[in-house]
Amino acid sequence: MNRKEFLKVCGGSCLGLIGISLLNQSCTGTHYVQSTVINDQLPVLKSEFTEIKKNKTELRKYIVVKSDKIEQPIIVYRKSENSYEAFLLRCTHQGIELNVNGDILTCSAHGSEFSNKGEVIQGPADQKLKSFTVSSDEKNIYIQLI
Ligand code: FES
């Protein structure tokens with residue numbers, strides 16, 4: 001391998017590592033959960049809201065739930081131990097999947113923004129996000145799809 005080939009291989013590898021590192025950083029803020037629809041509900045363990053940080057147990061403010069049966073993910077905000085709000089991550093302008101930035105949900109297509117209550121902060125979208133009723137028991141929450 002000559003010098004030029006070596007630099008080409010190393011440069012490509014370094015760019016790949018940087019890309020993976022950036023991807024990991026962008027993913028660490030949002031916790032994704034896969035669930036299966038049972039009787040028109042998506043059950044999710046309450047423990048999915050728990051995370052260990054520096055040997056301390058903390059509670060996530062939200063998680064994102066995915067399922068094969070729904071086109072786009074659902075974000076679930078934890079308001080208290082038995083109070084949750086869930087919204088479809090689908091822009092009400094033209095149906096693009098929203099990006100999660102903490103309490104603000106943004107659409108990369110035309111710039112709409114939504115609050116953690118599903119309300120429009122910035123258009124062109126002019127309708128609230130689709131919301132779901134969420135019930136809970138001791139162990140799980142249940143997102144009612146219909
Ligand atoms: S599709 Fe989201 S702002 Fe247009």
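Reader: What makes helix 1 stand apart in confidence?

Author: This is a predicted model. In the protein chain, helix 1 (residues 3-27) has the lowest confidence, with a mean of 44. Strand 10 has the highest, at 98. The scale runs from 0 to 100.

Reader: Which part of the chain has a pLDDT below 50, and how many contacts does this stretch have beyond near neighbours in sequence?

Author: Residues 9-27 are below 50. Beyond near neighbours in sequence, that stretch has 1 contact in the model. Where pLDDT is low, the predicted coordinates should not be read in detail.

Reader: How do you know what the confidence of the protein chain is on average?

Author: The mean pLDDT is 85. Of the residues, 81% score at least 70.

Reader: Why is S115 called buried?

Author: Buried means under 20% relative accessible area. S115 has 12%, so S115 is buried. S115 sits in the loop between strand 10 (113-114) and strand 11 (120-122).

Reader: What does S115 contact, leaving aside neighbours within four places in sequence?

Author: S115 is in contact with D103, L105 and I121. The cut-off for contact is heavy atoms within 4.5 Å.

Reader: What makes strand 12 a partner of strand 13?

Author: Strand 12 and strand 13 share 4 bridges, against a cut-off of at least two, so they count as paired. The sense is antiparallel. V134 stands opposite I143 of strand 13. The two strands form a hairpin, with 3 residues between them.

Reader: Which residues touch the most other members of the largest nonpolar core?

Author: I74, V76 and I143, in a core of 17 residues. Elements giving two or more residues to this core include strand 2 (41-45), strand 6 (74-80) and strand 13 (140-144). Strand 7 gives the most, with 3 residues. A second, separate core has 14 residues, among them I75, F87, F114 and A125. In soluble globular proteins, nonpolar side chains tend to be buried together.

Reader: What does I143 touch, not counting residues up to four places away in sequence?

Author: Among its contacts are L42, V44, V65, I74, V76, A86, F132 and V134. I143 also touches D40, Q41 and T133.

Definitions and conventions: Residues are numbered from 1 along each chain as its sequence is written. This is a predicted model: local features need pLDDT of at least 70, side-chain atom pairs count only at pLDDT 80 or more; totals for chains, interfaces and linings use all residues. Side-chain values use heavy atoms; hydrogens and water are left out. A nonpolar core is a set of buried Ala, Val, Leu, Ile, Met, Phe, Trp, Tyr and Cys residues joined through side-chain atoms within 4.5 Å. Buried means under 20% relative accessible area, exposed over 50%, partly exposed in between (1.4 Å probe, protein chains only). pLDDT is the predictor's confidence in each residue, from 0 to 100.
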